[in-house]
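Please look at the model before reading on.

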Amino acid sequence: MVFSGLAEKLQETFRKLKGKGRLTGEDVDEALKEVRRALLDADVNFKVVKDFQQRVKERAVGSDVLTSLTPGQQVVKIVHDELAGLMGGVQSKINLAPKPPTVVMMVGLQGGGKTTTSAKLANMLRKSGRRPLLVAADIYRPAAIKQLQVLGSQLDVPVFSMGDRNSPVDIARAALENAVTNNRDLVIIDTAGRLHVDDELMSELEAVKAAVKPHEILLVVDAMTGQVAVNVAETFNQRLGLDGVVLTKLDGDTRGGAALSIKAVTGCPIKFAGVGEKLDAIEPFHPDRMADRILGMGDVMTLIEKAQSNFDSEQMEKLNKKIRAADFTLEDFMQQIQEVKKLGPLQQIIGMIPGLGSAKKLKELGEIDDKELVYVEAIVKSMTPWERRHSHEISGSRKKRIARGSGTSVQEVNRLLKQFEQTKKMMKQFTDMEKNIKKGGKMGMNPLLGLGKKDLF
Amino acid sequence: MGLFSKLKESLTKTRQGFVEKIESLVTGRKAIDQELYDELEEILIQADVGADTALDLVEDLRKLVKERKVGDPEQLKPLLQELIAGIMGEETYAVNWGGPPTVILVVGVNGVGKTTTIGKLAHYFKENGQKVLLAAGDTFRAAAIDQLEIWANRTGVDIIKHHEGSDPAAVAFDALQAARARKIDVLIIDTAGRLHTKSNLMDELKKVGRVMSREVPGAPHEVLLVLDSTTGQNAISQAKLFGEATGVTGIVLTKLDGTAKGGVVIGIRKELDIPVKFIGIGEGIDDLRSYDAGDYVKALFN
Ligand SMILES: Nc1nc2c(ncn2[C@@H]2O[C@H](COP(=O)(O)OP(=O)(O)OP(=O)(O)O)[C@@H](O)[C@H]2O)c(=O)[nH]1
Ligand SMILES: [Mg+2]
């Protein structure tokens with residue numbers, strides 16, 4: 001296991017303890033302060049944090065420190081294991097009706113992403129052979145029905161609606177009949193967003209439930225939700241009996257502590273994660289990765305997957321060849337910058353790399369941010385193609401022109417050129433190394449991600 | 001697993017209002033002690049104030065208690081109110097008028113309440129006797145244009161729209177021309193919800209901003225970032241990145257009619273100095289208030 005973020009802080013806490021064989025109550029309390037902070041910063045509900053601390057303490061005090069671990073690592077391990085255990089395993093199956101159609105009901109607060117998620121689910125389940133019918137039962141929000149209709153037509157999935165003058169109960173009931181007549185085996189009901197404390201609207205959902213007896217009631221929750229997530233999940237669960245949760249907007253930079261809160265109070269599995277606005281941006285939810293993300297331990301798996309989906313492997317192969325042949329030019333460098341930008345903001349990407357998670361480390365690396373990328377880009381863009389290919393032959397007058405064109409100074413142009421040369425050298429070493437290791441099927445990482453950061457900026 | 005039931009039990013117990021909690025916390029206590037401060041810190045954390053800011057507030061409170069030689073726990077609440085109002089600002093924040101037209105760009109992540117807020121703002125300015133024009137700059141989300149159009153009809157103001165998929169900067173350009181030709185006082189531009197971490201989408205917003213400042217000097221005069229009060233600490237990142245990309249001038253805190261307090265704005269105000277200008281307290285056309293220190297702190301405590 002690779003540690004960073006919280007892990008680093010704990011290492012710090014336990015520095016004086018090196019070599020101690022057994023964790024005392026005091027040691028653990030000290031460590032748990034950091035754990036508490038990490039969890040609260042991630043928006044885990046404070047009650048959940050308290051109980052969690054208690055659990056970790058019970059397990060940690062008196063436990064023998066494994067010989068291979070420092071006390072700090074030991075606590076992180078316990079924290080990580082507890083958290084992963086609490087989050088449960090992957091569970092992304094929808095309850096299917098013994099006799100079709102299967103009815104799925106989507107519920108949640110306003111603005112959580114129910115409509116988009118309904119369409120995503122229809123799209124996903126259709127791929128596995130279902131014949132979905134989307135049902136527009138949000139009669140309140142202006143143009144909500146139209147929104148679902150547009151998404152349905154994009155996917156070529158039928159949308160059942162009766163305008164906004166009929167009650168959601170009537171709509172849901174009629175939709176079910178419609179599904180049976182038209183041989184649809186999956187009915188997905190999009191309901192209006194509502195506050196969990198709005199008794200009238202919560203009763204309306206109970207009535208819809210009673211009318212169509214859904215096989216699956218899914219709570220859609222924004223991953224950025226704060227402390228209130230527990231009350232929301234608890235109330236929806238009490239009144240409707242949830243079967244699962246969908247966590248949306250996980251493609252941002254939220255730590256997503258709401259996931260833990262919701263799981264802890266409802267016991268319901270989080271089944272899916274929404275990771276973008278496109279209609280295929282839905283994934284099975286991985287509790288173990290979420291545990292690491294909440295703790296700020298670097299979501300390596302996500303990074304690798306992101307990189308894999310973003311980097312064109314053929315292009316990577318070409319690039320690796322170029323590096324080995326040492327004719328990696330500023331043009332390629334630019335292209336790399338574009339690739340990295342596609343992954344998201346640099347801070348976030350770096351945050352996903354274990355060991356680089358903490359803000360302090362980032363500072364040490366010299367405040368890498370996207371602005372600097374823009375800056376590098378501006379300089380390279382101001383060069384002629386010849387200059388990009390012959391970076392070491394750029395004359396003083398050319399540098400002046402480039403500086404003017406990019407709104408920078410000659411020193412800055414020089415700095416970039418020097419850094420580029422260093423990077424090239426290091427990349428060569430890196431690819432040679434990789435060639436030697438040659439793990440089967442391992443993709444070449446983007447050199448900008450892999451190394452050279454310190455020297456680059 | 002005993003944890004879940006225990007948790008449930010304790011959560012039910014904490015479902016009283018903030019005020020009651022503070023009151024039950026301070027009444028019947030003889031002395032201001034560590035336990036009291038700890039509990040206060042927890043109440044603040046529960047309002048999404050954030051661990052750091054909550055700790056700072058409690059530390060400041062401790063100092064104030066010492067300075068003013070306060071011994072009575074009942075005195076804590078007004079002191080805390082004073083501290084929070086001190087950070088958030090005492091008075092109501094005026095709109096940055098400019099132009100004419102005064103151009104207001106509304107930005108934020110997906111689903112926070114941008115379009116609804118624009119509907120409410122249109123109503124608010126119109127009641128004020130101003131001539132309002134809306135621009136359907138969300139050309140991305142399905143039926144977003146229809147949604148804004150319904151609000152335009154409800155409030156009886158004009159709307160400039162293109163079709164789905166068109167360039168939002170072009171919509172903004174047309175809207176500015178129309179606003180000038182029609183002698184509009186306030187032009188409000190809707191934008192598609194976007195995560196602040198997507199640099200290409202933030203670039204798109206910058207472009208909209210550039211088009212506007214080219215057409216009307218000083219525009220947009222107001223960039224309102226809409227924050228959902230149910231959002232936790234991520235709102236800080238939202239404020240930072242939207243701020244960098246678009247120069248946010250004010251915050252609209254929505255959905256305060258629920259139980260969430262949006263306490264994260266205290267940290268934002270401290271760190272980034274962006275004032276809260278409006279709050280949303282429901283889905284209706286009237287459910288918008290200009291920020292008021294007293295009301296906000298009250299809301300935070302209720
Ligand atoms: N309870 C409550 N709901 C609100 C408030 N403001 C907005 N909403 C609701 O939140 C939901 C989303 O609002 P929109 O205005 O569509 O949000 P948006 O930011 O424009 O969303 P996108 O354009 O999809 O990013 C709608 O159901 C609104 O009715 C508020 O102050 N209180
Ligand atoms: Mg909108």
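A: In this predicted model, the axes of helices are lines fitted to C-alpha atoms over the stretch in contact, and angles run from 0 to 180 degrees between N-to-C directions.

Q: What makes up the contact of α9(B) with α10(B)?
A: From α9(B) come B:Met202, B:Leu205 and B:Lys206, which meet B:Leu241, B:Phe242, B:Ala245 and B:Thr246 of α10(B). By class, this contact has five nonpolar residues, one polar and one charged.

Q: Why is the pair of A:Asp251 and B:Lys198 called a salt bridge?
A: A salt bridge requires a side-chain nitrogen of Lys or Arg within 4 Å of a carboxyl oxygen of Asp or Glu. The closest N and O atoms of this pair are 2.4 Å apart, so A:Asp251 and B:Lys198 meet the rule. Across the interface of chain A and chain B, the rule finds five salt bridges.

Q: How much area do chain A and chain B bury between them?
A: The two chains bury about 4,500 Å², with 57% of it on carbon and sulfur atoms. In this interface, 51 residues of chain A are in contact with 52 residues of chain B.

Conventions. Residues numbered from 1 in each chain as written. Chains lettered and ligands numbered in written order. Predicted model: local features only at pLDDT ≥ 70, side-chain atom pairs only at ≥ 80, totals over all residues. Heavy atoms only, no water. Contact = heavy atoms within 4.5 Å. Helix = DSSP H or I, 4+ residues; strand = E, 2+ residues; numbered from the N terminus. Nonpolar A, V, L, I, M, F, W, Y, C, P; charged D, E, K, R; others polar. Buried area = accessible area lost by both parts, 1.4 Å probe.
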